[in-house]
Amino acid sequence: MNLERPGIALIGCGQIAANCHLPGIQASPFALRAVCDAERERVERFKREQNLDASVAVCTSLDEILKLDGVQAVSIATPPASHAPLSIRALDAGKHVLCEKPSTLSASENRAVCAAVARNPGLTIQFFSSRFRDGAAPAARRFVREGRLGVPYKADIQFWLPAARTCDRGGPPWFGQKAHAGGGPFMDMGQYFLDRLFFILGWPRWRRLSAQTFSGFPTGNPPGVVYDVEDHMSLLAHFDGGLALTLETTARVNQHYRWSTTVAGSAGTLILDNAAPRRAVFRALKDGVPVEEDLEAPESAPDMQARLERLALRLKGERPELGTDHEQALYITEFCEAAYRSAAEGRELRAPEEAA
Amino acid sequence: MSAILGLGIAGAYDAQRLRACVEAGFEPRALFGSSAALAREAGCPHAGACASFEDLLARADVDVVALAAPHERQAAQALAAGKHVLCERPGALSAEDCAALVRAAHRHGRTAAFACARLRAGGFTSLARQYLEAGRLGALYRVEAVVHGRPQGLDPAPDASGLFEDFGYELLDQVLDLLGWPRVRTLCAHQAPEPPGRPRHLSLFARAGRGIALSFEFASGGLLRPRHSINFLGDRGGLLIDHAEGGRGFSFFEEAPGRRAKLLETKAVFKLEPCGSILEAFREHLAEGRPHPGTTPEQMLELARWRERAAEALQSDREVLCV
Ligand SMILES: NC(=O)c1ccc[n+]([C@@H]2O[C@H](COP(=O)([O-])OP(=O)(O)OC[C@H]3O[C@@H](n4cnc5c(N)ncnc54)[C@H](O)[C@@H]3O)[C@@H](O)[C@H]2O)c1
């Protein structure tokens, strides 16, 4: 294996592949060996439009990729329903995996991914719900660790985009379909902010949660196209150590924008921006008066590039911190699944080990 | 009933509160628990001190009894004596106490008002009521009320034993009244652990009738940015009442299918009506048959239930089912 220039294949040639995966790969130590899409016409167009080198193979399935030499990793940029099957198959074939968020559709799929990691020691998987961990998040985590917040007692995640549903803007219909996307804005965007919050707070254990969803706005879809994800999610969750989380995500709401994550502690409050990860403030008393200071947020490489740089180091035997791992992804999915179930059943749910 | 209403006052009043009663059109006639000197200072020289609460109730020229502190027995006695009751601070009245007062008020054909309705008097609340009553929000699915700090214009309650007594009742009253006192199916609560010096923060999350997720955040002190806002989300429109200083005021968004909702109205000025207006409205209710300004005994019972359910949810560490 060429450790200076390991090979990678890109699966799924849609929007995020073009906007994020391909440029990240091109800026990284990895060499793009293959592009793949279930639809031949798309992958061929992608190769043409992106001016890819003639040596980049064109594939329409993971199986075709697995026949190629010199591929150490795959980057999965397909809709969520294919994340688990593709990841598991790639791990079992000896590939490192980078995979889009949401990690999978269900906790049981996540557990199957965990099992695949366990039976393939030495391989890594990282999901992209870690996208917001760059920017100010490391400084925020340091503040928590250093005790500058005192005891965190209340977190709040707000993500309100008044008119951002894919179905109203002619985007791919799978975004609005539970069977393909797993859920609405809570799955799609909420996972980023849960991931960042848990990262900052050191993965606190949730004990119970109660949630409610609303869906009922008409869509811009043509007749016959299924749209069955939530438009609005609200929840209250309880964690160990006396911490509560309120969360609200929506891409369709008759209101102003909202995009903040707040962590209130007995000695100070962190307020992070959910649109610009580098923007965050810490609010604490100075001479008895509340004062806000900006958190340090060093300029960092775009996440795809950064994760690949670290994976390249990993291949050389180093152990840099990667993106969201399989266990963290499982934890996030369990939380999301419980929220949807709580909303469907109209009652509070306890975390699996609490209930046991 | 004569337009001038004689007032009997029980409990420790100060001159300012007495004056507010006078300004509202009541005529203080008897005091129990405050000195006659105070009454003179407040400009009501005819108010005499009584030796006992029973003496005060025996006065035929007293139509209304004002209670400075929550006192279930005194309130019930006053209703039984044929007096109306004005309860300044609902304090720790239990749901059981409130239910007894509801029954007493019915039995004796008198009414009571609890001073929890001050936020109803603000201009934005009546504007919001117009939008809600006209159905301009369509089906409501989410209502959220947040107070970080203290509602502008509400005096601190020095004797408050918790967030409900401090300003929680007022906020609940404002929101629940706008919603027509919806039934609650489930209630979750979280309170920040509270060693001395720790800020108080209470979160409530309820499933209310008609599929509304209803939440309240009360924080007094703490290092959150000050906020006092109420959001009403419906499938035809959304309302935001933002009382905080420098806030957005009053906004209404009208549903625009497939596009961003149209912001149809913003009013940026908010002023809480002075306390006297509730007293005055209660007097007008009694003397002129105007609508009850709130909080009625039935509504007070509902508020007390909210507090007891929240306490139960906190104590049992689980969501409470309300049947
Ligand atoms: N679009 C964005 O802005 C964005 C941002 C961040 C993350 N994401 C995530 O990226 C993923 C992809 O989103 P997108 O917007 O690029 O979707 P997209 O629909 O634009 O592209 C997905 C592509 O995957 C292909 N595909 C589907 N199943 C496949 C399979 N089994 N094997 C190979 N190819 C397959 C489709 O043909 C399509 O070309 C999703 O998980 C999404 O949540 C998207």
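In which loop of chain A is A:D287 found? The loop between strand 13 (280-286) and strand 14 (289-294) holds A:D287; helices (H or I, at least four residues) and strands (E, at least two) are DSSP runs, numbered from the N terminus.

The model is predicted, so local features need pLDDT of at least 70 and side-chain atom pairs pLDDT 80 or more, while totals for chains, interfaces and linings use all residues. Residues are numbered from 1 along each chain as its sequence is written, chains are lettered from A and ligands numbered from 1 in the order written, and side-chain values use heavy atoms, without hydrogens and water.

**View 1. Backbone at A:D287 and A:W203.** A:D287 is not a glycine, yet its phi is positive, about 50 degrees. A:W203, also not a glycine, has a positive phi of about 55 degrees. A:W203 is found in the loop between helix 8 and strand 8 (206-214) of chain A. Most residues other than glycine have a negative phi, and most peptide bonds are trans.

**View 2. Cis peptide bonds in chains A and B.** A:K101 and A:P102 are joined by a cis bond, with omega near -20 degrees. A:P102 lies in the loop between strand 5 (96-99) and helix 5 (107-118) of chain A. In chain B, the bond from B:G294 to B:T295 is cis, with omega about -5 degrees. The loop between helix 8 (276-288) and helix 9 (297-316) of chain B holds B:T295.

**View 3. The ligand and its shell.** The ligand is surrounded by 24 residues (a heavy atom within 4 Å). A:I16, A:D37, A:R42, A:K101 and A:W174 are the closest. By class, the shell has 12 nonpolar, six polar and six charged residues (Ala, Val, Leu, Ile, Met, Phe, Trp, Tyr, Cys and Pro are nonpolar; Asp, Glu, Lys and Arg charged; the others, Gly among them, polar). A side-chain N or O atom of A:W174 is 2.8 Å from a ligand oxygen. For A:K101, a backbone N or O atom lies 2.9 Å from an oxygen atom of the ligand.

**View 4. Two domains of chain A.** An automatic or database assignment gives domain 1 (7-130 + 302-325) and domain 2 (136-300 + 333-355). Their C-alpha centres lie 26 Å apart. The contact (heavy atoms within 4.5 Å) takes 18 residues from domain 1 and 17 residues from domain 2. The shell around the ligand draws at least three residues from each domain.

Methods
Polar contact = N/O pair within 3.5 Å; in protein donor to acceptor, adjacent residues only side chain to side chain.
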